[in-house]
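These are my notebook entries on the structure shown below. I set down what I looked up, topic by topic.

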Protein chains: 2
Amino acid sequence: MTAALSTALSRTESLSLLSLTAACVAVLANTFQGDGEPLIASLALSGVAFSATFAMIRWLGPTFIKSGLKGVDMSKHHKKELPECMGAICAIVYLLVVIVFIPFPFYKDIVAATSGGGNRDVVLQTEHVQQGRFLHRFPHSKLASYLSAIISLQSISLLGIGDDLFDIRWRHKFFIPAFASIPLLAIYFVDFGVTSIVIPIPLQPYLGELFNLGALYYVYMASVAIFSPNSINILAGINGIEVTQSIVIALLLVLNDCLYLLTPYPHPATDSHLFSLYFLLPFLGVSFALLWYNWYPARVFVGDTYCYFAGMVFVVVSILGHFSKTLVLLLIPQIFNFLYSIPQLAGIVPCPRHRLPRFNARTGLLEPSVTPWTAERQPKPPVAWALKLLDRLRLLRVTLDERGNFVETSNFTILNLWLVWRGPLREDRLAVELTAMQTVVGLFGLFVRHRLALLIFKEDNWGISS
Amino acid sequence: MTAALSTALSRTESLSLLSLTAACVAVLANTFQGDGEPLIASLALSGVAFSATFAMIRWLGPTFIKSGLKGVDMSKHHKKELPECMGAICAIVYLLVVIVFIPFPFYKDIVAATSGGGNRDVVLQTEHVQQGRFLHRFPHSKLASYLSAIISLQSISLLGIGDDLFDIRWRHKFFIPAFASIPLLAIYFVDFGVTSIVIPIPLQPYLGELFNLGALYYVYMASVAIFSPNSINILAGINGIEVTQSIVIALLLVLNDCLYLLTPYPHPATDSHLFSLYFLLPFLGVSFALLWYNWYPARVFVGDTYCYFAGMVFVVVSILGHFSKTLVLLLIPQIFNFLYSIPQLAGIVPCPRHRLPRFNARTGLLEPSVTPWTAERQPKPPVAWALKLLDRLRLLRVTLDERGNFVETSNFTILNLWLVWRGPLREDRLAVELTAMQTVVGLFGLFVRHRLALLIFKEDNWGISS
């Protein structure tokens, strides 16, 4: 049953959101007066972001429909038009929040650097106090990396909205994240330029302790930047899945950050991981609000904007925080989905326009969607052999007729594969199971990163290998 | 005659654009290999921006119409649908160009700071050369201000596109530039914090040489940031006028920058004015391409996005370059238009939804549009007296019936006032005359700034008062 989306908030909703916002603003004001603890401020702003997104999706939904930003949910009995591209609201609220947050992480530096009555925490000698700022003390490099992250996220939002508006062709779409990563890479080039990687111990005799990748490092960063948003965008098609996978990845990144912040000794990467939290917490705020509406039965769609945006949030925190390899570990289901899709993306197997699971109107459950093979178009012998092998390995469902001709094969996406294994399933059940899988795989990835990495690297945040 | 907008570029157009782009890219490559002269690189990128905007407006026009971004030109015989919101294309091309430009102004610093074979210009002692960057030499503060400008411009683009899509109400619209100026002000707060102004000589005995405005300085900056984009947005309504006024203001700001760069001695504000040129030159590039299509008879509309965006470009260069008072001098026609509009904006005189000049289909000329007064609704005596006075001063056209009752008054915009003075005029003639007026007033403003300022301030770029 698809509930109609009323424009007004109910009394309970209004009161809850107002209380949450008031509490958050109070915490924020307190933070600004006190020692300016930025992590608390970031949490409070994330609460504000949740409330703002929750309310604005409700208020603006009908406006989006009126402007043509709408879509039909194919996996329901009653097909009605829902507002599309709600990720744009998330992105704009998010951006406003991280922009307003700018002064907080620099509060202590500002207090230390300004003349006047502000320097409560840090005592400066008088000759250092001057009109304006004492520029050399101020962590401009931190500020620049914060700003470059904002620019990349704004770029991806602009381009994502363009995509949702104009339905850009698939082969052009693919490069949207590439454009959005230009600011990140340009500022990395200007401001940091560290292009060395730590070499695993077994290879150190040959390559040395550090290896300078040079220009290749930029190619690597650009690849991560292109892959992450696109991979989230292709693991899509059922209610809630875009948002839940993003929330799981964000939560695992938060967990990873906490592992660095809660070490027994102050870790040298503390700043990078605080930076990461400042960007992830508001993202979680807007995402939970969006999930409220996008969960089964969905009352709004998220749009490509959200997928690109979520992917780019992960990219900026991991590149600027120098933990992009960890991000790759958390994207394993997405990587699998991409690799698994290659036969269809490369045209070896025919690829229909939409590959989302098929809704069976009689049972109300989802089944794997299929690509039909006609008698005229049959797979070539090696492809046929490979398809049959995949079927034997339960990595595909192949239907043959009595003469051994291919009738249909399930589409090559992780959603369809899951339904081959466990289907038919109701839409929300499928989303829950995939989200659980993403969580388990991600936790295992973090375990590998923090426990097994010591086998091949000299040191980690939790210890030094013997 | 409204020419149909074909999607394809003609052969001549393609060849011209390709030649221009090739020449610019060659210059750019040369710049990067040579001494990295950023001003030349900026000029070359502005040429690329022109070509890209020119081609993309042509290619994407029909896509915009299909997505509902379209409008009808009311001041033509043949009313056909034209693509609206083409300013979004300008904004996106512009942003991409200024982002790609980031490394150029910092080229010398990068060369000086990187280890490896790059340090041709600056010799560094070996102990300063290290893995990564020698952070203290690098002008991060310059980088941060450059980035904050980009963030503000991206914010105004996002919000402007939202406005064009959803037709936001006038009272909400007004605050769009306020939101977009938050990053500018936040970064100003974090990174510069200079809130003092120079006091004119006659007042110095009372207030001192410098006066610290403190928080009021932020209110002042926010006011400029709100006023400039909105003032350009309300001086609109005939083909080309939004773009030509923006081009004139940009050119005058460029002239002002040149006055600082060509001083007999190196001026302390050289960097601020180079910064300003880096933002203004690509703006001129995209604006000339837009003007090509938007000039009478218009084949595209610019949308609110362009007006906000143009106004914000002026705001960022003048606030970060510390010459916002000069900007105010260049906005005199816009300030006049705003003040003159107040009777209608404040509801003293009825305000119709649209106040653009009236197209007389018989003559093909524009005439002042009017607000009708009914016998029931007549102005109150003091208002009536003021309206008659304005009429006497030729600042309004008032039509009375034989009994002295108000029949109609011309609408309170500078376009209608100009038509009261010199109308009826053809649309392009009106645009030319207003642009000429903007140029003359702006040149006079710069003259005041650079010649007469010495009477009340101690020093200027061209001399020191005796």
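How many bridges pair strand β7 of chain A with strand β9 of chain A, and in which sense do the two strands pair? I note first that the model I consulted is a predicted one. I found 3 bridges between β7 (residues 370-372) and β9 (residues 406-410) of chain A, and the sense is antiparallel.

**Entry: strands of chain A**

I looked up individual partners next. P372(A) has E408(A) as its bridge partner in β9(A). I then turned to strand β8 (residues 398-400) of chain A, which pairs with β9(A) over 3 bridges, again in the antiparallel sense. Here T399(A) has E408(A) as its bridge partner. The strands β8(A) and β9(A) make up a hairpin, and 5 residues separate them. In the turn I noted G404(A), whose phi is positive at about 85°.

**Entry: strands of chain B**

I repeated the search in chain B. Strand β7 (residues 370-372) of chain B and strand β9 (residues 406-410) of chain B run antiparallel and are joined by 3 bridges. P372(B) is paired with E408(B) in β9(B). Strand β8 (residues 398-400) of chain B also pairs with β9(B), in the antiparallel sense and over 3 bridges. For V398(B), I found T409(B) as the bridge partner in β9(B). A hairpin is formed by β8(B) and β9(B), with 5 residues between them. G404(B), in the turn, has a positive phi of about 85°.

**Entry: the domains of chain A**

I asked how chain A is divided. Domain 1 consists of 11-120 + 138-330 + 428-455, and domain 2 covers 358-425. To their contact, domain 1 of chain A contributes 12 residues and domain 2 of chain A contributes 10 residues. Their C-alpha centres are 36 Å apart.

I then looked up the area buried between domain 1 of chain A and domain 2 of chain A, which is about 1100 Å², with 77% of it on carbon and sulfur atoms. Which three residues supply more than any other three of the area that domain 1 of chain A buries against domain 2 of chain A? They are H77(A), L430(A) and E433(A), which supply 44% of that area.

On the side of domain 1 of chain A that touches domain 2 of chain A, the residues divide into 7 nonpolar, 2 polar and 3 charged.

**Entry: backbone geometry**

In chain A, the peptide bond between Y296(A) and P297(A) is cis, with omega at about -10°. I located P297(A) in the loop between α11 (270-294) and α12 (303-320) of chain A.

In chain B, a cis peptide bond joins Y296(B) to P297(B), and omega is about -15°. P297(B) is in the loop between α11 (270-294) and α12 (303-320) of chain B.

My last item was H322(A), which is not a glycine and yet has a positive phi of about 60°. H322(A) is found in the loop between α12 and α13 (324-330) of chain A.

Note on methods. Residues are numbered from 1 along each chain as its sequence is written. Chains are lettered from A and ligands numbered from 1 in the order in which they are written. This is a predicted model: local features need pLDDT of at least 70, side-chain atom pairs count only at pLDDT 80 or more; totals for chains, interfaces and linings use all residues. Side-chain values use heavy atoms; hydrogens and water are left out. Domain bounds come from an automatic or database domain assignment. Contact means heavy atoms within 4.5 Å. Buried area is the accessible area (1.4 Å probe) that two parts lose on being put together, summed over both. Ala, Val, Leu, Ile, Met, Phe, Trp, Tyr, Cys and Pro count as nonpolar, Asp, Glu, Lys and Arg as charged, and the others, Gly among them, as polar. Two strands pair if DSSP finds at least two bridges between them. Helices (H or I, at least four residues) and strands (E, at least two) are DSSP runs, numbered from the N terminus.
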